Number of protein chains: 2
Amino acid sequence: MARTQGSHSDITGPRVRDAALRLFARHGYAAVSMRQIAGEVGVQAGALYNYTPDKQTLLFDLMKEHMDQLLSARAAAPAPGGALAALEAFTRFHIRFHAARPEAVFIAYMELRNLNDDNFAVIEGLRHTYETQLEDILRQGVAEGVFDVADPKITTLAVIAMLTGVNTWFREAGRLSLEDVETLYWDMVRKAVAA
Amino acid sequence: MARTQGSHSDITGPRVRDAALRLFARHGYAAVSMRQIAGEVGVQAGALYNYTPDKQTLLFDLMKEHMDQLLSARAAAPAPGGALAALEAFTRFHIRFHAARPEAVFIAYMELRNLNDDNFAVIEGLRHTYETQLEDILRQGVAEGVFDVADPKITTLAVIAMLTGVNTWFREAGRLSLEDVETLYWDMVRKAVAA
DNA sequence: GTCTATATTCGGATAGAC
DNA sequence: GTCTATCCGAATATAGAC
């Protein structure tokens, strides 16, 4: 790679997004400059504008892609009919999906305030769609008589906060395997909502 | 207040901290300028440097004060001898304390990455001190035979994540009173760790 | 203690050459 | 598609007058 000019369009786009994801997650959207992103990719700052109209759109695209992947992965996962099995499936899915992409998760939760109004509304809508799936499981379990949940909306938020919190400490090389973690959290969730 | 110059030192210091707290919480440390803070206070940017050596120290002081208040309020709160009562007291204390100062809580969780290494170590140490208090209660309950907790460290993190999550949605004017919220979360915590 | 003015660096974004 | 060069504004922080 001795040359310093030329076309690399086939791979530069994804590399811009990867670099932005990593840098936004580590330092925060507002603290990262387009020049830093360009430096990671190995191009000059001006070249980034072949791949995004502006920095705001770059952030939004990363968050939108993450939420789309979350919803499609969830749709593709097995969904048992019974509420208890469905809740276990949701719990394990949530932990596994989020543990696999900590940077995107971090950005999706931390950078909401840096979205403009229209972009914020889109991401919030997708998040609500996801949370409603858990709420529906809880309501189903109450109807089945297997769950005792006084307020399904609050319990939904509580469970998701607890599960997403895994990302603040989980490391692949740590004391516990992801399977261990899934089981520990499923025990807590199961007991917390049990009839 | 027609005059545009003069001494106001008796109140300006706290007003600088208040303005920084509010602006950092809303827009993020990196996105807020010293000029914005000065504008909120009603002085010019240069005057802020009578109250803080730099922006980084201003952030650190806000976070340090928050953690100090958390630990001293906790130390001043009733601490029942039995593990079950102690866990209920911790749960209710955590929700109440955090609900009362959402901006400081938000900053303490979101702006850790904007602290320099030394400042980060201080805040992390204080946070660990607080978390250890919950972990000790859980271990005591296991010893007493009233809790069934497979991994006290993980359960500590899970409970704190769940409780702190209240701040993402709780509003004074909302459907639920703080007392309602405390009771709902205490029910979940109690069941999740029950023997 | 606050002001005005400024030194210095850096930010997002664009224009035009290659 | 990427480069170099640049516009223009804004950032932190400081100096010296009042």
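## Close-up views of salt bridges and a helix pair

**View 1. B:Glu179 is partly exposed, with a relative accessible area of 46%.** The model shown in this and the following views is predicted. The side chain of B:Glu179 meets that of B:Arg92 in a salt bridge, with an N to O distance of 3.6 Å. Because B:Glu179 belongs to helix α8 (residues 178–193) of chain B and B:Arg92 to helix α4 (residues 83–99) of chain B, the pair ties together parts that are 87 residues apart in sequence. B:Arg92 counts as buried, at 14% relative accessibility. In chain A, salt bridges with shared partners join A:Glu88, A:Arg92, A:Arg96, A:Glu179 and A:Glu182 into one network.

View 2. The closest N and O atoms of B:Asp151 and A:Arg175 are 2.8 Å apart. B:Asp151 is buried, with a relative accessible area of 8%, whereas A:Arg175 is exposed at 58%. Over all chains, the count of salt bridges comes to 26.

**View 3. A:Arg190 and A:Asp187 form a salt bridge within helix α8 of chain A.** The closest N and O atoms of A:Arg190 and A:Asp187 lie 3.2 Å from each other. A:Arg190 is partly exposed, at 32% relative accessibility. A:Asp187 also counts as partly exposed, with a relative accessible area of 29%.

**View 4. Helices α3 and α4 of chain A pack at an angle of about 145 degrees.** Helix α3 spans residues 55–76 and helix α4 spans residues 83–99, and their axes are 11 Å apart. The crossing of α3(A) with α4(A) is right-handed. From α3(A), the contact is made by A:His66, A:Gln69, A:Leu70, A:Ala73 and A:Arg74. These residues meet A:Phe90, A:Phe93, A:Phe97 and A:His98 of α4(A). Sorted by class, the contact between α3(A) and α4(A) comprises five nonpolar, three polar and one charged residues.

Note on methods. Residues numbered from 1 in each chain as written. Chains lettered and ligands numbered in written order. Predicted model: local features only at pLDDT ≥ 70, side-chain atom pairs only at ≥ 80, totals over all residues. Heavy atoms only, no water. Axes fitted to C-alpha atoms, helices over the stretch in contact; angles between N-to-C directions. Helix = DSSP H or I, 4+ residues; strand = E, 2+ residues; numbered from the N terminus. Left-handed = near helix turned anticlockwise from the far one by under 90°. Contact = heavy atoms within 4.5 Å. Nonpolar A, V, L, I, M, F, W, Y, C, P; charged D, E, K, R; others polar. Salt bridge = Lys/Arg side-chain N within 4 Å of Asp/Glu carboxyl O. Buried < 20%, exposed > 50% of the residue type's maximum accessible area, 1.4 Å probe, protein only.
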